[in-house]
Amino acid sequence: MALAQQRPLVLVLEDIHWADSSSLRLLESLLELAKNHRIFFVNLFRPLYSTFCDKLAQRGHVLWPGICSNIMLQPLSEDAGKRLIQNLLGSERLPSH
């Protein structure tokens with residue numbers, strides 16, 4: 001909250017679909033801070049992996065209508081996946097270990 005009082009704050013939370021129940025409860029309480037503070041949350045998760053994440057996405061539209069957005073990405077094609085690996089690793093092949 002102190003940082004958000006100084007300047008707008010962006011929090012990026014990745015792989016929420018793997019979070020445990022304590023972490024999810026913490027996230028819920030943190031999201032409430034956005035009502036009165038300049039905090040922007042970017043929550044990244046795989047849809048259909050976690051009931052909580054899917055409910056969280058729906059709940060956001062109820063709590064913050066007009067300002068909450070979901071961006072659904074499609075899986076990469078096989079060719080796009082190979083290009084990603086090549087760009088990240090400098091090779092088209094993954095190590096065997």
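This is a predicted model: local features need pLDDT of at least 70, side-chain atom pairs count only at pLDDT 80 or more; totals for chains, interfaces and linings use all residues.
User: How do you know how confident the predictor is in the protein?
Analyst: By pLDDT, the predictor's confidence in each residue, from 0 to 100. The protein has a mean of 84. In 94% of its residues, pLDDT is 70 or more. Confidence is lowest in helix 3, with a mean of 80. Strand 1 has the highest, at 92.

User: What makes the contact of Lys35 with Glu32 a salt bridge?
Analyst: The term asks for a side-chain nitrogen of Lys or Arg within 4 Å of a carboxyl oxygen of Asp or Glu. The closest N and O atoms of Lys35 and Glu32 are 2.8 Å apart. So the pair qualifies as a salt bridge.

User: Why are Lys35 and Glu32 called partly exposed?
Analyst: Buried means under 20% relative accessible area, exposed over 50%, and partly exposed in between (1.4 Å probe, protein chains only). Lys35 is at 46%, so it counts as partly exposed. Glu32, at 28%, counts as partly exposed too.

User: How many salt bridges does the whole structure hold?
Analyst: Two. One of them joins Lys82 and Glu78, at 3.4 Å from N to O. These residues are four apart in helix 4 (residues 78–89), so about one helical turn separates them. Lys82 is partly exposed at 37%, whereas Glu78 is exposed at 61%.

User: How do you know that the length of helix 3 agrees with expectation?
Analyst: Helices are DSSP runs of H or I with at least four residues, strands are runs of E with at least two, and both are numbered from the N terminus. The expected span of a helix is 1.5 Å times one less than its number of residues. Helix 3 has 13 residues, so it should span 18 Å. Its end C-alpha atoms are 18 Å apart, which agrees.

User: Which residues of helix 3 are buried, and what do they pack against?
Analyst: Phe52, Cys53, Leu56, Ala57 and Gly60 are buried. The buried residues of helix 3 pack against helix 2 and strand 2.

User: What makes Val10, Val12, Phe40 and Leu44 a patch?
Analyst: Patches take residues with over 30% relative accessible area and no salt bridge; like charges are joined within 9 Å, nonpolar side chains (Val, Leu, Ile, Met, Phe, Trp, Tyr) within 5 Å. Areas come from the Shrake-Rupley method with a 1.4 Å probe, and for residues only the protein chains shown count as cover. Val10, Val12, Phe40 and Leu44 make a nonpolar surface patch of about 370 Å². Leu44 is at 36%, so it counts as partly exposed.

User: Where is Leu44, and which residues does it contact?
Analyst: Leu44 is in the loop between strand 2 (39–43) and helix 3 (51–63). Contact means heavy atoms within 4.5 Å. Leaving aside neighbours within four places in sequence, Leu44 contacts Val12, Leu13, Glu14, Asp15 and Ile16.

User: What is the phi of Asp15?
Analyst: Phi of Asp15 is near 55°, a positive value in a residue other than glycine. Asp15 lies in the loop between strand 1 (9–13) and helix 2 (21–32). Its relative accessible area is 38%, so Asp15 is partly exposed.

Notes
Residues are numbered from 1 along each chain as its sequence is written. Side-chain values use heavy atoms; hydrogens and water are left out.
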